[in-house]
Amino acid sequence: MIEKYFDNLKYSIRKLDRKKIDKLINGIKLIKKNKGRIFFLGVGGSAGNASHAVNDFRKLCNIECYTPTDNVSEITARTNDEGFNTVFSGYLKNSNLSKKDAIFIFSVGGGNKKYNVSVNLIEAILLAKKKKAKVFSIVGRQDGYSYKNSDISILINVNDKKLLTPISESMQVAIWHLLVSDKRLQSNETKW
C-alpha cells in the first residue's frame, strides 16, 4: 500500500497543469493588489484544508481570507434554520461578497446537483458569478460543477480511483503551500 499510495501521488504531481497553476497565482495576485478577499470553501476533509489555507494566506501573503467552516456556530445555525445547501452562499451574502473578491473551492468531486452532492458549493458558485467574484478551485473530478464553472480550476488527475479522496485532498495541501511560497504572493517569510 505504501508504494501504491506514493506512486499515485507522483502520478498526480506529474499530471498537474503548471500553466494553470501559474494563471492561478496571477489571479490571486490581482485579488491581493485590489485588496479583495478570498473565501475558502470545502466540506469534510477539504473544510479542514480550507481552515489551514486561510491561516497561510493571511499570515504569509497578507491577503484577507476567511472560511465559513471556522465558525461552527454559524454553520450549524444556518444548517438548522435554512438547510445545508445554502450555508456557504448565506455566509457570502452576509460578508458582502463583491467583484474584488474570490471564492476558492477545495473539493474532491466539486458538487453535483443531479446526485445532490455538495450543493452548497454550487450555490456559492452561482452567487459568486452573480456578484462577479472570481471562482478558483482545486478538484479531483472534471465532471463536477466546480471544475466546469470556475474561472481557474486545477484538476487533480488520480490514476487509482479508489484513492481519489486521499490523493485529491493531499494535493490541495501541496498546491496551496506552493501558492503561499511563491514570491509573487508571499509577503512574509516562514519561521522555519
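## Two strands side by side

Let's start with a pairing: strand β1 (residues 37-41) and β3 run parallel, joined by four bridges. To find one of these spots in the structure above, look for Ile38, whose bridge partner in β3 is Ala102. Keep in mind that this is a predicted model.

β3 also pairs with strand β4 (residues 134-139), again in the parallel sense, and here there are six bridges. In this pairing, Ile105 stands opposite Ser137 in β4.

## A strand tucked inside

Is β3 largely enclosed or open? Six of the six residues of this strand (residues 102-107) are buried, so β3 is largely enclosed by the rest of the structure.

You can see this on both sides of the strand. Ala102, Phe104 and Phe106 point one way, Ile103, Ile105 and Ser107 point the other way, and all of them are buried.

Now for helix α1, which covers residues 2-14 and has 13 residues. From its first C-alpha to its last, α1 reaches 18 Å, close to the 18 Å expected at 1.5 Å a residue.

Which residues of α1 are buried? They are Tyr5, Asn8, Leu9 and Ser12. These four cover an arc of only 100 degrees around the axis, which puts them on the same side of α1. The spacing rule behind this is a handy one: an α-helix has 3.6 residues a turn, so residues three or four places apart point the same way.

What do the buried residues of α1 pack against? Their partner is α8 (164-181). On the face turned away from the buried side, α1 carries the exposed residues Glu3 and Arg14.

Most residues other than glycine have a negative phi. Asn62 sits in the loop between α3 (45-61) and β2 (64-66), and it counts as partly exposed because its relative accessibility is 47%, while exposed means over 50%.

Lys132 has a positive phi too, near 65 degrees. You'll find Lys132 in the loop between α6 and β4. With a relative accessible area of 61%, Lys132 is exposed.

Terms used:
Residues are numbered from 1 along each chain as its sequence is written. This is a predicted model: local features need pLDDT of at least 70, side-chain atom pairs count only at pLDDT 80 or more; totals for chains, interfaces and linings use all residues. Side-chain values use heavy atoms; hydrogens and water are left out. Buried means under 20% relative accessible area, exposed over 50%, partly exposed in between (1.4 Å probe, protein chains only). Two strands pair if DSSP finds at least two bridges between them. The expected span of a helix is 1.5 Å times one less than its number of residues. The arc is that of the directions from the helix axis to the C-beta atoms. Contact means heavy atoms within 4.5 Å.
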